[in-house]
Each structure stands twice: as C-alpha cells, then as structure tokens.
Amino acid sequence: MDSKHYTQVLIDGKVYTLGGSEDEGYLQRVASYVNEKIGTMRRLPGFTKQNNEYQTAMIALNIADDYFKAQEEAEMVKEQRDEMERETYSLKHELVSTQMKLEAVLKDLAERQSQLEALSKEKGQTVAVRFEGQEKKTVEGWIEEKRKPEPEGDFAAKEAAASRDQELTRKAIHAAMEARSGGHKKH
C-alpha cells in the first residue's frame, strides 16, 4: 500500500501542508504550477481590482482550461498512435504476404531452372542469363544469391530490396521461358 507523503508548499504567499501518495517533488511541481497561474492572472490589467471570489473563479477556470486542452491533446496523440499501429500492422502483413509470394516465385523459378537444365542437357546447351548491370550467371546462381539472409536494416531499404527482387525474379522467369521455348541464350 502506498504511504502518504506530506510536504509544505507556498501558494500565493501562504504556506500549506499537502499530503498525497505522490512524492514530494510532484507536490512541489503542482504548487508551482498553481503559483504560475495566479501570477499570470494577476498580471492581466484590472484583474486585481476584481473581488476575491471572481479572482479565484478565473484562476480555477484557467487551470481547468489547461487541463481540458491537455486532455484533448493526449487524446489526439493516442489516436495518432493507434493509427500508426494499424498502419504498421498493415505494412507488416503486406511485407509477409510479399515475402511469401517471392518464395513461391523463387520455388517456381527453381523448378523451371531444373526443367531448363534438363532440356539443355538434352540439346547439349548451357543456358546463362545476364541481368542488367550484373555479370553473366546462371539462373540457379542468382536464386542462391537471393536466398542469402539479408542483414537487418531499415524498413525502407528492405522494401526497396523486395521491389528489386521482384523485378529481377520477373526478368529471370522471362529469360528462362524464352530460353526454354527458343533454345537460345539471352544476354
């Protein structure tokens, strides 16, 4: 059970003893905030000429105004956080789905590579594919290279890499299909 903490604070020139479950530093900060509000209101023209009840009511209303504004801001931040969590979940789901599709395409490509190699052996030809900006390599070599685990990086870099992989996979499938149907090399 929380013990009650007591501390003396100065509010509007008077000493008060406050008690609560919060620590002494927190109680001092609350008293300081109330003093700031009192000082701010007293600096307004004509405020000190009003009676004490009016002054007290205006100070209380200003503190309540700050409270409700802070509450609205906290609600907006919570809504933004919830929206970001939903978007993150959606992006993670999309990434997993894309990875699953890529694995399926790579598996299909490996099967087609095996079929292509079998046909090449029948005809006595070797099929190699050259992708843009890369050295000449077999489709199988490319697949193995792509299956290597990537180091952890930022999400944008992974998205860009997945996009490049999809494009290269598409090109590899196209090249393999051309080689299979035409029996000639693609450069």
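Contact, in this talk, means heavy atoms within 4.5 Å. With that rule, A31 touches V9 and I11, leaving out residues up to four places away in sequence.

Some ground rules. This is a predicted model, where local features need pLDDT of at least 70 and side-chain atom pairs count only at pLDDT 80 or more, while totals for chains, interfaces and linings use all residues. Residues are numbered from 1 along each chain as its sequence is written, and side-chain values use heavy atoms, with hydrogens and water left out.

Now the core. A nonpolar core is a set of buried Ala, Val, Leu, Ile, Met, Phe, Trp, Tyr and Cys residues joined through side-chain atoms within 4.5 Å. Buried means under 20% relative accessible area, with a 1.4 Å probe and protein chains only. The largest such core has seven residues: V9, I11, A31, I38, M41, F47 and I59. β1 (5-11) and α1 are the elements giving two or more residues to this core. α1 gives the most, with three. Helices (H or I, at least four residues) and strands (E, at least two) are DSSP runs, numbered from the N terminus.

Next, Q55. Where does Q55 lie? In helix α2. Q55 is buried, at 7% relative accessible area. Its contacts are R42, F47, T48 and Q50, again not counting residues up to four places away in sequence. The side chain of Q55 reaches the backbone oxygen of T48 at 3.3 Å.

Conventions. Buried < 20%, exposed > 50% of the residue type's maximum accessible area, 1.4 Å probe, protein only. Polar contact = N/O pair within 3.5 Å; in protein donor to acceptor, adjacent residues only side chain to side chain.
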